[in-house]
Amino acid sequence: MTDRVADFHVDFTRFLAPDGTAVAPLPGFFDDPTLRRLYGHMVLARAFDTKAIALQRTGRLGTYAPSLGQEAVAVAVGAAMVDTDVLVPSFREHGAQLVRGVTLQELFLFWAGDERGNDFAGPRQDFPVCIPVGSHAPHAAGVALAFKLRREARAAVCVFGDGATSKGDVYEAMNLAGAWTLPLVFVVANNQWAISVRRAHQTAARTLAQKAVAAGFAGEQVDGNDVVALCHALRQALDRARAGGGPHLIEALTYRLGDHTTADDASRYRDDEEVGRHWKEDPIARLRAHLTARGAWTRDDEEALLTDCAARVEAAARDAQALAPEPAAALFDHLYATLPPALAGQRAALVQAEADHA
Amino acid sequence: MPDITLVEAVNLALARAMAEDDRVIVFGEDVAVDGGVFRATDGLLARFGPDRVLDTPLSEGLFAGLAVGVAAQGFRPVAEFQFMGFMLPALDQVMNHAGRLRNRTRGRLTCPLVLRAPYGGGIHAPEHHSESFESLFAHVPGIRVVVPSSPARAYGLLLSAIRDPDPVVFLEPKRLYRARRQEVPDDGAGAPLDRCFVLRPGTDLTLVTWGAMVAETLDAAQALDREGVAAEVIDVATLKPLDTDTILASVAKTGRCVIVHEAALTAGFGAEVAARLADDGLFDLRAPVRRVAGWDTVMPYPRQERRYMPGTDRILAAARGLMEYA
Ligand SMILES: Cc1ncc(C[n+]2csc(CCOP(=O)(O)OP(=O)(O)O)c2C)c(N)n1
Ligand SMILES: [Mg+2]
């Protein structure tokens, strides 16, 4: 005799079709000012991208990971979280960081290779970008554990890519979050590619959302280029997590329209036709079309926004570049709370070498 | 006050730290109900409750990263690994995160965590249960690597490690867990980190060691004493950052140095000590620096482990050899 002992399903949610028409009534929260704000955030994130790539091309920024085409995911994460939540991002979420109060100047500093860019004046408890793929998922579990132990109504959000879902530490963190009912929302920014490896080669699992099922909680797919659907799903998941309902996973289906980083040439592994198809899903054009159709957005609004974003980005880039590098001793001065005497000699040698060079 | 073993001293220090600071939490595999495979966390669950003593799922990389996250939130996690051989998945978290978080956020987020693990051979344990790769951790910037060698030192060093605002890898010589008892007053006094301890003064020869090999090294010093050779024994205790001053001062006096460790010879931590002597103590030396270490082999199964681990005889042979240099 055989009984079915487990069964699961994965839902997919979208409110805005690629052409901007609403395929379902938007949740009440999404009034004109809210939608305009979300739109502004996405446009700012893209303006930062454009400037960052330009600076990298002219040698004024290090290798940069653009988020072109994925702005809705990051902006929705930032917008759905409240100040007291904590963001544990990977490296393509500057849109979320901006919404949470990380400044454009801090972002430019970080990507220009200056640690001070991680000393956010705004969200003091947010983690900085994580480069070793997926290794930040356990940190998010630790942050969520802290909230739970202190009985605080707060949640952590951990964002990572489709490639990261192949890593053990990501699954380990999900497994723990399920076992301990942690207030933690996982967001998979499934942009279909992990550098040159396509999503289908990453796993035979039909969805990445279903990976949550093995960890004992629900996962869902959301149109990752529909900022409304993303915000809605995130707010529900975060409200539930803060109320003690445990973790949740959102697989945001999106697409990386640009290169993996400024050091990558995506034409080596995917053709223009594929990229062109996905441009039709562009989250920014989608929301603009929706806003315009609602009568909540004009050509003048658009021009004013673009001008404002460009000016802010230019000013921040200028300020970041104007900031003198830290003194050499900074290499040592943040390593430990108090520099161990054993390192005093090395620090002095570096400072001396610097002085000799000057 | 009854004398206690090293593992009981670890337990005492954990209880003390938890009682004095409610940010201290303990987690790992089997640490709660079971009190840890070596019973180092015995009784903590009953005393401090399930919010502060937590059994994690079986995943070392996970709970090392968990410690990073919860420490960044202001807790002071002490994570227990059952054996050092199972710490390797956690190396990613130690090197890429724990040791870097303070620096890369310019002090905004910090990592006051302790990762405890029993290390070393000599207890006839199965494969992978007898490793000594402290030098892997000693290579990591931004952390401390601490190795106690007695019950009193374990108590004091562990308290200091837990109170320290930066990450500490705390390696416990499991061969000494129950080897001897010592009176350890539960006075909450921490032992200094970043310092070597001179366990036995001497003028003819310096023996530098740490952890489990302190026992064999002290035995060797006693035997040398009977031969009229006064050996000074230094317990390094904190491998990183290394207190070279104490070692150099000793060698300035004795002119001879044998470094003893259980880990394999090549790129073992003894190489670092020898290099420091070459840098800053060369003209004090009357003889070559010798290392007595595990062979550059795989740690053998228990039937052969005594052939791997340096014994008093090998320490004595090295010391006697150095005494030939006038
Ligand atoms: C552990 C690890 N392996 C490899 C790399 C190099 N690397 C950087 S990003 C990346 C692909 C990540 O893909 P995905 O998780 O889908 O995120 P995406 O880049 O698409 O946002 C790789 C292989 C890394 N940073 N970390
Ligand atoms: Mg990807």
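In chain B of this predicted model, H1(B) passes H7(B) in a right-handed crossing; a crossing is right-handed if the near helix is turned clockwise from the far one by less than a right angle, and left-handed if anticlockwise. Helix H1 of chain B covers residues 6–20 and helix H7 of chain B residues 151–163, and their axes come within 8 Å and cross at roughly 30°. Because angles under 35 degrees count as roughly parallel and those over 145 as roughly antiparallel, H1(B) is roughly parallel to H7(B). Axes here are lines fitted to C-alpha atoms, for helices over the stretch in contact, and angles run from 0 to 180 degrees between N-to-C directions. Helices (H or I, at least four residues) and strands (E, at least two) are DSSP runs, numbered from the N terminus.

Contact means heavy atoms within 4.5 Å. On the H1(B) side the contact includes B:Leu6, B:Ala9 and B:Val10, and on the H7(B) side it includes B:Pro151, B:Ala154 and B:Tyr155. By class, this contact has 13 nonpolar, no polar and three charged residues; Ala, Val, Leu, Ile, Met, Phe, Trp, Tyr, Cys and Pro count as nonpolar, Asp, Glu, Lys and Arg as charged, and the others, Gly among them, as polar.

H1(A) passes H11(A) in a left-handed crossing. Their contact has nine nonpolar, one polar and five charged residues.

Ligand 1 is surrounded by 14 residues, the closest being A:Arg92, A:Asp162, A:Gly163, A:Asn191 and A:Trp193; a residue is near a molecule if one of its heavy atoms lies within 4 Å of it. A polar side-chain atom of A:Arg92 lies 2.6 Å from an oxygen atom of ligand 1. For A:Gly163, a backbone N or O atom lies 2.8 Å from a ligand 1 oxygen atom.

Two loops of chain B remain. Most residues other than glycine have a negative phi, and most peptide bonds are trans. B:Arg39, in the loop between strand S1 (24–28) and helix H2 (44–48) of chain B, has a positive phi near 70°. The peptide bond from B:Lys240 to B:Pro241 is cis, with omega near -5°. B:Pro241 sits in the loop between strand S10 (238–240) and helix H9 (244–254) of chain B.

Residues are numbered from 1 along each chain as its sequence is written, while chains are lettered from A and ligands numbered from 1 in the order in which they are written. Local features need pLDDT of at least 70, side-chain atom pairs count only at pLDDT 80 or more, and totals for chains, interfaces and linings use all residues, while side-chain values use heavy atoms, with hydrogens and water left out.

Note on methods. A polar contact is a pair of N or O atoms within 3.5 Å; within protein, one must be able to donate a hydrogen and the other to accept it, and residues adjacent in sequence count only if both atoms are side-chain atoms. Angles under 35 degrees count as roughly parallel, over 145 as roughly antiparallel, 65 to 115 as roughly perpendicular and the rest as oblique.
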